[in-house]
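Reader: Please take a close look at one part of this model, the packing of its helices, and describe the surroundings of those helices as well. I would welcome one connected account, with every cut-off stated.

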Amino acid sequence: MSAAGRVLVVGDVMTDVIVRPEGPLVRGSDRRATIQSRPGGSAANQAVWLGAMGAKVSFVARVAAGDKPRLEAYFKGFHVDPILAADPQRPSGVLVVLVDADGERSFLTDRGANLALEPSDIPVRLLDETRLVLVSGYSLFAEGPRRAVSWLAEEARRRGIPITIDAASVSFLRELGVGSFLEWTRGMSTLLANADEAEALSGTGDLTEQMIALGAYFERVIIKRGARGAAVGGRHGLRLDAPAPPVEVVDTTGAGDAFAAGFIAAELEGTDEAECLLRAIEAGSKAVKQLGAQPG
């Protein structure tokens, strides 16, 4: 991929409400907690990390009309070209993140305006300069945005532009069906998945078998393994497997998005795959040391 190429990111804009309780929740009563609101959304996180890493990136999403000017200014501050459709009725998305003492998180999601994304929200002219399309799997988990992404994927494939899909959510994968997800994404170039998502999609917990199984659908499979690092492979099995450095975990929210941005930004620079993987792991490790899903 050319260093001058644009990454076109498509997916959700969310406000993350991050809740860090002082201890276990007390059903029916109180628990003191630290509560903060920060920008979020998996695709938005990826776009911002890419922009912060110096990549040329455009980001397509749908937000509440009243939020559009503020959000456009925010994304421009990270060198992201925001292509935000204004929804006159729905609110922007909100995600409640419950962070455990060990940094693990659970989510409560209201996707709001993201659910109304449609093909007309994605200017086809953007593909003229695009070298890679990055799609959040969240866009496949509802009918409206799935139509928009399917249309974009067809246009990208017609022009020979590679598409990377992030599996995004193991719970939504299981809810909507692994078979459906694999059918919707057939022909996309690269799959990004964490360990749980890879196991759900492949039906096996063995890393090499996951690569082979998922390599039947994607040219390249990248599996994020948390503290164990990450791996790259495909239909012939495991190609690369690199460890993660030990770090003090503050919040794992957005670490996978930083990882994705690190890999793609490095590849845009013409870096070899092994170095791309190391750069991705470095980015994900940096992200877990801070609170929130986007660069500070």
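**Helix packing and its surroundings**

Author: Ala-195, Ala-198, Glu-199, Leu-201 and Ser-202 of helix H6 are in contact with Gln-210, Ala-213 and Leu-214 of helix H7, where contact means heavy atoms within 4.5 Å. Sorted by class, the residues of this contact are five nonpolar, two polar and one charged; Ala, Val, Leu, Ile, Met, Phe, Trp, Tyr, Cys and Pro count as nonpolar, Asp, Glu, Lys and Arg as charged, and the others, Gly among them, as polar.

The model is predicted: local features need pLDDT of at least 70 and side-chain atom pairs count only at pLDDT 80 or more, while totals for chains, interfaces and linings use all residues. Residues are numbered from 1 along each chain as its sequence is written, and side-chain values use heavy atoms, with hydrogens and water left out. Helices (H or I, at least four residues) and strands (E, at least two) are DSSP runs numbered from the N terminus.

H6 covers residues 195-202 and H7 residues 207-214; their axes come within 9 Å and cross at roughly 60°. That angle makes H6 oblique to H7. Axes are lines fitted to C-alpha atoms, for helices over the stretch in contact, and angles run from 0 to 180 degrees between N-to-C directions. Angles under 35 degrees count as roughly parallel, over 145 as roughly antiparallel, 65 to 115 as roughly perpendicular and the rest as oblique. H6 and H7 cross in a left-handed manner; a crossing is left-handed if the near helix is turned anticlockwise from the far one by less than a right angle, and right-handed if clockwise.

From H1, Ser-42, Asn-45, Gln-46, Trp-49 and Leu-50 meet Asp-257, Ala-258, Ala-260, Ala-261, Ile-264 and Ala-265 of H8. The residues of the contact of H1 with H8 comprise seven nonpolar, three polar and one charged.

H1 (residues 42-52) has 10 of its 11 residues buried, so it is largely enclosed by the rest of the structure. Buried means under 20% relative accessible area, exposed over 50%, and partly exposed in between (1.4 Å probe, protein chains only). Among the buried residues of H1 are Ala-43, Ala-44, Ala-47, Val-48 and Gly-51. Gly-54, which follows H1, has a positive phi, near 95°.

Strand E12 (residues 230-234) has five of five residues buried, so it too is largely enclosed by the rest of the structure. Ala-230, Val-232 and Gly-234 lie on one side of E12, with Ala-231 and Gly-233 on the other. E12 runs antiparallel to strand E11 (residues 220-224), to which four bridges join it; two strands pair if DSSP finds at least two bridges between them. Ile-222 stands opposite Val-232. The hairpin of E11 and E12 has five residues between the strands, and Gly-226 in the turn has a positive phi of about 65°. E12 also pairs with strand E13 (residues 237-242) in the antiparallel sense over five bridges, with Asp-241 as the bridge partner of Ala-231.
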